[in-house]
Number of protein chains: 2
Amino acid sequence: MIKISLIGSGNVAHHLIHAFESSSEVELVQVFARHKESIQLNISEEKIISDYKQLKQADLYIISVSDDAIFEVAEQLPFSDRLVVHTSGTKPMHILSDNNRKGVFYPLQTFSKNKTVNFKQIPICLESENPEDLKLLHQVANLISDKVFEIDSEKRKALHVAAVFVSNFVNHLYHIGEEICRENTIPFEVLKPLIMEVADKVNYLNPKEAQTGPAKRGDMQTINAHLKFLKDNPNQQEIYQLLTQAILNQNEKL
Amino acid sequence: MIKISLIGSGNVAHHLIHAFESSSEVELVQVFARHKESIQLNISEEKIISDYKQLKQADLYIISVSDDAIFEVAEQLPFSDRLVVHTSGTKPMHILSDNNRKGVFYPLQTFSKNKTVNFKQIPICLESENPEDLKLLHQVANLISDKVFEIDSEKRKALHVAAVFVSNFVNHLYHIGEEICRENTIPFEVLKPLIMEVADKVNYLNPKEAQTGPAKRGDMQTINAHLKFLKDNPNQQEIYQLLTQAILNQNEKL
């Protein structure tokens with residue numbers, strides 16, 4: 001049995017607690033939450049604490065709080081030389097307190113409290129100061145996920161930039177698509193199967209090979225018609241122009 | 001039984017033939033292909049023709065060829081006053097020949113010959129010159145798909161622009177994500193579950209509500225760190241800047 005305590009009650013903490021509770025090889029020792037009522041999971045009440053002094057011995061302490069609070073929380077832990085990790089994609093490992101052995105346990109996914117996720121499919125990115133701790137983190141991660149990776153702080157920074165492109169920016173393009181539909185009284189429903197298929201294709205094809213459309217074909221007639229269509233929305237037009245140019249440049253490189 | 005003949009042997013034609021063959025209420029009369037060997041489906045050989053003069057009577061003729069060939073093909077059909085439709089997302093209905101009754105039967109999806117698709121989930125966008133023909137097109141579309149929409153040529157133009165944003169441009173952002181991973185020796189695998197989840201969210205949330213990330217939070221510290229990270233790739237940096245600004249502008253509108 002691996003003894004784990006969790007500090008935090010946000011979306012990531014919520015999903016991690018749920019995943020650990022489902023594993024027969026993890027003993028969830030305690031969950032720290034400033035406000036006990038924020039823990040809406042089926043765990044016995046005596047395990048939920050809101051005073052750091054009550055934290056018992058565990059093999060692993062996972063700090064899953066907002067980025068800006070990690071340092072402060074890590075400094076308040078009333079023990080030393082134990083394994084303490086954070087779950088952030090943006091913060092380096094070293095921001096944790098020097099009092100304890102440091103590590104990162106970063107599940108790369110966009111979590112919403114009300115949408116269930118299959119944790120087995122969520123990549124977990126690991127890092128630690130020493131090989132022994134990394135071994136334990138691997139053991140824990142493998143219990144709840146089929147996709148475990150070692151990613152150091154430097155790589156995690158790059159990974160986060162890439163994640164912004166494929167999630168936040170992609171979502172903004174969905175928003176533009178929805179807006180164009182709305183303004184032309186077309187139901188956005190029409191585009192949803194296309195959105196799903198384009199995403200699904202990354203599982204079969206390299207995105208560069210999967211590219212299609214007017215820019216890929218160098219079809220300037222359609223591109224110019226589209227730019228003209230967007231003339232009343234300079235922001236959308238600029239995005240169209242820039243991404244089309246990027247795809248055209250890509251063609252030249254082939 | 002609705003009698004349908006198909007003209008063309010590309011990806012869309014291929015998937016349509018397959019869908020019609022699976023319906024007990026459609027009689028696939030003939031398939032026209034310039035090169036018979038391009039039809040790799042289990043249909044009897046006498047149905048495949050490569051001479052327009054052999055085209056028999058049918059209730060509906062579907063021209064599924066490349067955009068630039070539609071007009072020429074329509075002009076060559078050796079009959080008049082029959083219902084002839086094309087399957088293009090970009091071309092208006094009127095480019096079809098005046099010899100026949102015009103319509104559009106546009107399945108909005110990205111097709112690859114080797115990847116099976118569930119046609120029931122593919123939106124079909126319909127248009128026709130007269131209500132009687134529209135009724136027949138609805139009947140046919142409902143036989144193979146659960147998602148049937150009436151979209152006139154003007155709206156279809158807007159829809160195509162929106163589709164470029166949510167498919168070609170989104171795919172280019174996947175490409176950038178893959179490139180950043182590759183350059184930093186991170187397996188692109190790490191990002192795939194995130195890609196799928198962001199796409200899946202459009203089924204539950206409006207994209208504007210679903211937005212997350214540094215730009216949404218107005219987290220200028222992370223944004224500036226990312227821009228610095230991208231300093232050696234002006235093209236990626238420009239795309240980052242423009243899309244971040246677009247999300248920041250969006251925040252102000254809320």
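Student: What makes chain A more spread out than a compact globule?

Tutor: Let us begin with its elements, for this predicted chain has 9 helices and 8 strands. The radius of gyration of chain A is 23 Å, whereas the globule rule gives 18 Å for 254 residues, and because the value is well over the rule, chain A is more spread out than a compact globule. Along its principal axes, the C-alpha trace of chain A spans about 70 × 40 × 30 Å.

Student: How many of the residues in chain A are buried, as a percentage?

Tutor: Of the 254 residues in chain A, 56% are buried, where buried means a relative accessible area under 20%. As for the surface, chain A has an accessible area of about 11,400 Å², and carbon and sulfur atoms account for 46% of that area.

Student: Why is D81(A) called exposed?

Tutor: The relative accessible area of D81(A) is 52%, and the word exposed is used for values over 50%, so D81(A) is called exposed. This residue is found in the loop between α2 (70-76) and β5 (83-86) of chain A, and D81(A) has a positive phi of about 55° although it is not a glycine.

Student: What is found for D81(B) in chain B?

Tutor: D81(B) has a relative accessible area of 52%, and is therefore exposed. D81(B) lies in the loop between α2 (70-76) and β5 (83-86) of chain B, with a positive phi near 55° in a residue other than glycine.

Student: Why is K36(B) called partly exposed?

Tutor: Its relative accessible area is 38%, and partly exposed covers the values between the 20% limit for buried and the 50% limit for exposed, so K36(B) belongs to the partly exposed residues. K36(B) has its place in the loop between β2 and β3 (48-49) of chain B, and, not counting residues up to four places away in sequence, K36(B) touches I48(B), I49(B) and S50(B).

Student: How do you know that N235(A) is in contact with residues of chain B?

Tutor: Contact means that heavy atoms come within 4.5 Å, and, leaving aside neighbours within four places in sequence, N235(A) is in contact with A246(B) and N249(B). N235(A) is found in helix α9 (residues 234-253) of chain A, and because its relative accessible area is 27%, N235(A) is partly exposed. The C-alpha atoms of N235(A) and S50(A), which are 185 residues apart along the chain, are separated by 48 Å.

Student: Which residues of helix α1 of chain B are buried, and what covers them?

Tutor: In helix α1 (residues 11-21) of chain B, the buried residues are A13(B), H14(B), H15(B), L16(B), I17(B), A19(B) and F20(B). Their cover includes the strands β1 (2-7), β2 (26-32), β4 (60-63) and β6 (101-107), and also the helix α3 (131-144), of chain B.

Student: How do you know that the two copies are related as by a two-fold rotation axis?

Tutor: Two copies of a chain are related by a rotation about an axis and a shift along it. Here chain B is superposed on chain A by a rotation of 180° with 0.0 Å of shift along its axis, and the RMSD is 0.1 Å. The two copies are therefore related as by a two-fold rotation axis. The same surface serves both copies, since 99% of the contact residues of chain B recur in chain A.

Student: Which residue of chain B comes closest to the rotation axis?

Tutor: Of the residues of chain B, V170(B) comes closest to the rotation axis, with its C-alpha at 2.7 Å.

Key. Residues numbered from 1 in each chain as written. Chains lettered and ligands numbered in written order. Predicted model: local features only at pLDDT ≥ 70, side-chain atom pairs only at ≥ 80, totals over all residues. Heavy atoms only, no water. Helix = DSSP H or I, 4+ residues; strand = E, 2+ residues; numbered from the N terminus. Rg over C-alpha atoms; globule rule 2.2 N^0.38 Å. Buried < 20%, exposed > 50% of the residue type's maximum accessible area, 1.4 Å probe, protein only. Areas by Shrake-Rupley, 256 points an atom, 1.4 Å probe, with all protein chains shown as cover. Least-squares fit on C-alpha atoms with pLDDT ≥ 70 in both.
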